[in-house]
Amino acid sequence: MKFADGDSIHRLISGCLALEDLVLDLPELPKNMSNLNIHSLSLKRLALDFLYMFTFFPLVFNYTFVINAPNLVYFKYAGPIAEGYCLSNMNSLEKADVEVYRLDDVNLESRAIAAISNLLQGLCNVKSLHFSLEQPEMLIRVPFEPVIGFHNLVEFELKTHKEYCDWQGTWVIQFLWCAPNLETLHLDLPVPLRGFKPLPEEVPPCLGRDIGSTKLFEESLNRREAAAAAKTNLGINSKGQGLSRRSGMKSVEDLDKISSLPDHILCHILSLLPTKDAVRTSVISPRWRYLFSSMPTLEFQYCLSSIHPRLRVENFKNFVDRLLFFPNHVTLECFRLYESSSRDDDYLRLYGWICAALRRDVKEIDIRYGILPVLPISLFTSRSLVTLKLDIHEDMKVPCKVCLPNLKSLNLKNIKFPDSDSIHRLISGCLTLEDLVMILPELPKNISKLDFHSLSLKRLALNISLNVLPLDFKCTFVINAPNLVYFKYDGPIAKGYCLSSMNSLEKAVVEVYQLDDEPSYDVNRESGATASISKLLQGICNVKSLRLSIDQSETLIQMPPEPVLRFHKLVELEIYSENHDWQGTWVIQFLCCAPNLETLHLDLPVPNRGFEPLPEEVPPCLSFRLKEIKIRYFEGNEHMFEMISYFLNHASVLEVLMIGIEEDEEYSNPSPLRNVIKLLGLPRNSKKCRVVAL
């Protein structure tokens, strides 16, 4: 029988509401048809046979078979390898017969491999499989630790055409790794012309445990010898039993103690492994078959970008689909996926994976991806989410309603926001947010104010990129977080800073710089940059530990003899710079702002201009509080000696002075040893002071 089009077949089958048996033995399929859809909830037995009139097919068999029959118990397909197979919901499948071949002019091996892989994945729940295929080892790539697993398979028969003798026995052994519970193996294979590759030393689990019958349809003496050699090398005796059952040897069950542990302990052990290694444990025994699907953490790092060819990429995607949509609905602790690049259609799969993880009440989502144009709306209204980390090079479209009541940590990197209201809505919707990290490649255009208001926030880190900022960075940062204990700002000097109520601040990191050729900022005392820096430092004046890096610090921070800035709680200070155009007097003047300072770290290059005359008035902290000074780079020039000598002469309670010695031929004292000897000879005001050269 011939059909006019694909819809005719679909209408016919859909109209049979109680159909249980369907046999289609067709001489040809309709022209210009791409999909053959068979959808039936009642169907139990399905046979598709296209062998009889295969000469009527076009040379390229561009058809996709889409079959959805959840109650199917028997399936047969005989015909050329199609463009694709989509077999879903075959959980009740008892037996399957598959006989496929390639048409002569279909030489796209990768497409045939992908089609065969999808066909086998659709049949992975079958109990008895009869499989006939030309060039099986060429069309089915079986890794030593396979992704496709036939965990229900107990009977397997493999057959190739008698005229195909160019096969190797190692492929059969490798395929057995896919069926850990196999009990019966039938081989109907011709005599191999190339002989056997060296057989793998490690035996598939089914051979050592479950196979009770091995039938070889032998047609010649040579073939019987090959079969006997295979049995001997695989550890199978004349009765088809594994050598592990020989008298005097303990069984696997006697030696396996870990499998007796409760599921939740085994799942915790698996969660400590990389996900791919945890999945591989499914072939150990029936006890371990589905344990990996109950792992609380799913982590995939650079899998899509490192897998070749495209077939294995599709296999991986299908595997993640089955893992996330597993029907046991186990709560996920973490879903993590890292990819350095993305293909055009991959983001749709990732969108579905995020939705599936959210439906399983995931607590942590960590996505590092190339381009993800759309994020699920449910990501912004999740009640289970505690940690969210996104590193995607795309605009974030924040919905009007954001409600993340349990989100504690939010980390955003390389994300662009269309306007400042989007940032405000996102942060305001995180009612219990404690950690916020924003590493932004750019800020919205024409933005004048960036507002951060959160009563629960404890740690805030802002990093603004230099490359794409406008030269007139006229943005004011308004931060109201009274419970903040850690604050970091890394970026250009903004128009203004309004930091209020930071009485709980423990540590702050400030790294600011001026944009090149900035027309609106001046380096004079009254400049906008000076006023902005002053506001920023005043906002963090209650901090206990401060790391400070400011280009042209001595000109941007003006220190009068009685400084307005006071860091009364500051006990640890680190000053860092890469700019050689600085003078040591500024460091001494800044110490007057921190009367209770105990630890000072200087990470500064050798100044080009030398030191101004050091002030006669000694900072109070140097006389009464400072116990530790560390100078990271010391290259032996006279100006650095002058500053170190000043510290040693006036630091009355100093306990240790650590100095990193470096050799530099540009300076007059290139010898590190001479520098150390000179340092040790400097007079010290503190009797307890130790000078340590690093």
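Buried here means under 20% relative accessible area, exposed means over 50%, and partly exposed is in between, using a 1.4 Å probe on protein chains only.

## What you're looking at

This is a predicted model, where local features need pLDDT of at least 70, side-chain atom pairs count only at pLDDT 80 or more, and totals for chains, interfaces and linings use all residues. Residues are numbered from 1 along each chain as its sequence is written, and side-chain values use heavy atoms, leaving out hydrogens and water.

Helices (H or I, at least four residues) and strands (E, at least two) are DSSP runs, numbered from the N terminus.

## Salt bridges between strands

Side chains of opposite charge can pair when their charged atoms come close. To count as a salt bridge here, a side-chain nitrogen of Lys or Arg has to sit within 4 Å of a carboxyl oxygen of Asp or Glu. By that rule, the count is 11 salt bridges.

Take Glu299 and Arg336, whose side chains meet in one of these, at 3.1 Å from N to O. The pair links distant parts of the chain: Glu299 is in strand β12 (residues 297-301) and Arg336 in strand β13 (residues 334-338), 37 residues apart. Glu299 is partly exposed, with a relative accessible area of 26%, while Arg336 is buried at 15%. These two also belong to a network of salt bridges that links Glu299, Arg336, Glu364 and Asp366.

## Two further pairs

Arg459 and Asp435 form a salt bridge too, with 2.4 Å from N to O. Here Arg459 is in strand β19 (residues 459-464) and Asp435 in strand β17 (residues 435-440), so the pair links distant parts of the chain, 24 residues apart. Arg459 counts as partly exposed at 32% relative accessibility, and Asp435 counts as partly exposed at 22%.

Then there's the salt bridge between the side chains of Arg547 and Glu574, at 2.6 Å from N to O. Arg547 lies in strand β24 (residues 545-550) and Glu574 in strand β25 (residues 572-576), so this pair ties together parts that are 27 residues apart in sequence. Arg547 is partly exposed at 21% relative accessible area, and Glu574 is partly exposed at 23%.

## Helix α18

Now for a helix. The expected span of a helix is 1.5 Å times one less than its number of residues. With 13 residues, helix α18 (residues 638-650) should span 18 Å, and its end C-alpha atoms are 19 Å apart, which agrees.

Which residues of α18 are buried? They are Met640, Phe641, Met643, Ile644, Ser645, Tyr646, Phe647 and Leu648.
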